[in-house]
Amino acid sequence: MTTRAAATETANRQQELDLRSAARHLVRHPLVLAENDAEMLALIRRHEHTLDRWFTQRFGYRLQVTADTARLFKSSVVARRRPLLTATNQSRPFTVREYTLLALSLAAVAAGPTVISLRDLIHEIRSAATDADIVLTEEAADRRALVTALKWMIQYGLAIEMHEHIDRYVSDETADAVLRIRPDRVALLPLPALASSEAVPQLLNRSDRRQSSRAWMRSTLLEEAVLYRTDLTDGEWAELRQRLGEEGAIFDDMFGLRLESRAEGIMAIDPDNEMTDSRFPRSGTVGHAALLLLDRLVHSVSSAPVEEQPDNQIAENRDPDGAGRTPITRDEVVEVVTALASEHRRYWSQDAQNPERFANDILDLLEDHRLVEVTGDVVWLLPPAWRYSVDVQYQQDSLL
């Protein structure tokens, strides 16, 4: 190979890596800011046209890039159980009240001004609340929710504290501050479906579009990492299986993801374990307990003799249903969690001291990753749960 040919091949390979890096980043961070990640924004700007074509044609998304901001509009699917997270050291999902205050805050500044005092902003928010028939109070809970919403705006470059800090408003309703607002970035937040929707169901229906089944299936697989057979019609499933090679090439080229196909569905696997905002397995008490719970449940439904199973209607039929789901009662889950908490009390936090609440936290995590489904008092083990079962003997004093 000549020196020139080698240089061309190296340049092409580097471009492929750059495109993949930019595409992966945009999926995880749909709003990219120059002040937070100047190098990545420069990379996105350099490959803007290719990235926009890829996302538009393959996923039904749209990429918009300005001088200091890149925004990927994911307008073809609504991801399940992906709440907005607070801008705190230990982030948590927004409460309904915090969502409400964030929406009112964004509405209040969407048209400007670019500089506003906290007191004037609160006045505008109250006006927007009145128009929406929402009652706001001066109580600490509402002040705290408003500060949470504004701190999220600050983290994502929609507002900047110029004088004083908004945190003081939580304990002092007379506190003031000065904020610089970026109405141009605020305008980039809403999905196009929001402008033409008058109610939540209408918004969800227009955001979760299946006008192009290929784009919808790819988007769902990208955002959820698993697409179950039951998520699709018979025709969609047959079509997806026929062109699995083509789909695998797209996910590999753009993101370096590998598709794994089973009778129950398809999963997208990231060898680098980076393309997620919620990891599993994970560290911490809830993460550790969730992994152990899966293993115990899988073994109990796979190997326990019928006479050793609990005496209830669900236990009498452990066979998976047509979707490959295996039923377990919530009481059984709580029983297993109670036993695990007793075994690992030396290592787990105080969260494990209330088995029912602890079990709910664990099930929430497993539902987030589509490893279980909870319907009333029935917990359905989904097929991927078997990936986390291991044939080892646990010692009471060991910490995995």
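Helix H10 (residues 213-224) packs against helix H12 (residues 244-255) at an angle of about 55°, and their axes lie 12 Å apart. Axes are lines fitted to C-alpha atoms over the stretch in contact, with angles from 0 to 180 degrees between N-to-C directions. H10 is therefore oblique to H12 (angles under 35 degrees count as roughly parallel, over 145 as roughly antiparallel, 65 to 115 as roughly perpendicular, the rest as oblique). Helices are DSSP runs (H or I) of at least four residues, numbered from the N terminus.

The model is predicted: local features need pLDDT of at least 70, side-chain atom pairs count only at pLDDT 80 or more, and totals for chains, interfaces and linings use all residues. Residues are numbered from 1 along each chain as its sequence is written, and side-chain values use heavy atoms, without hydrogens and water.

H10 contributes Arg214, Arg218, Leu221 and Leu222 to the contact, and H12 contributes Glu246, Glu247, Ile250, Phe251 and Phe255 (contact means heavy atoms within 4.5 Å). Five of these residues are nonpolar, four are charged and none is polar.

The structure holds one cavity of 30 Å³ or more. A cavity is a set of points on a 1 Å grid where a 1.4 Å probe fits but cannot get out; lining residues have an atom within 4 Å of a point. The largest cavity has a volume of about 80 Å³. Its lining consists of Leu101, Ile122, Ile125, Arg126, Leu136, Thr137, Asp142, Arg143, Leu146 and Tyr169. Helix H5 (118-131) and helix H6 (140-155) each give two or more residues to this lining. Six lining residues are nonpolar, one is polar and three are charged.

Note on methods. Ala, Val, Leu, Ile, Met, Phe, Trp, Tyr, Cys and Pro count as nonpolar, Asp, Glu, Lys and Arg as charged, and the others, Gly among them, as polar. On a 1 Å grid over the protein atoms alone, a cavity is a set of points where a 1.4 Å probe fits but cannot get out, and a pocket is an open set with protein on both sides within 12 Å along at least five of seven lines; lining residues have an atom within 4 Å of a point. Grid points are joined across faces, edges and corners, and a volume is the space filled by probe spheres set on the points.
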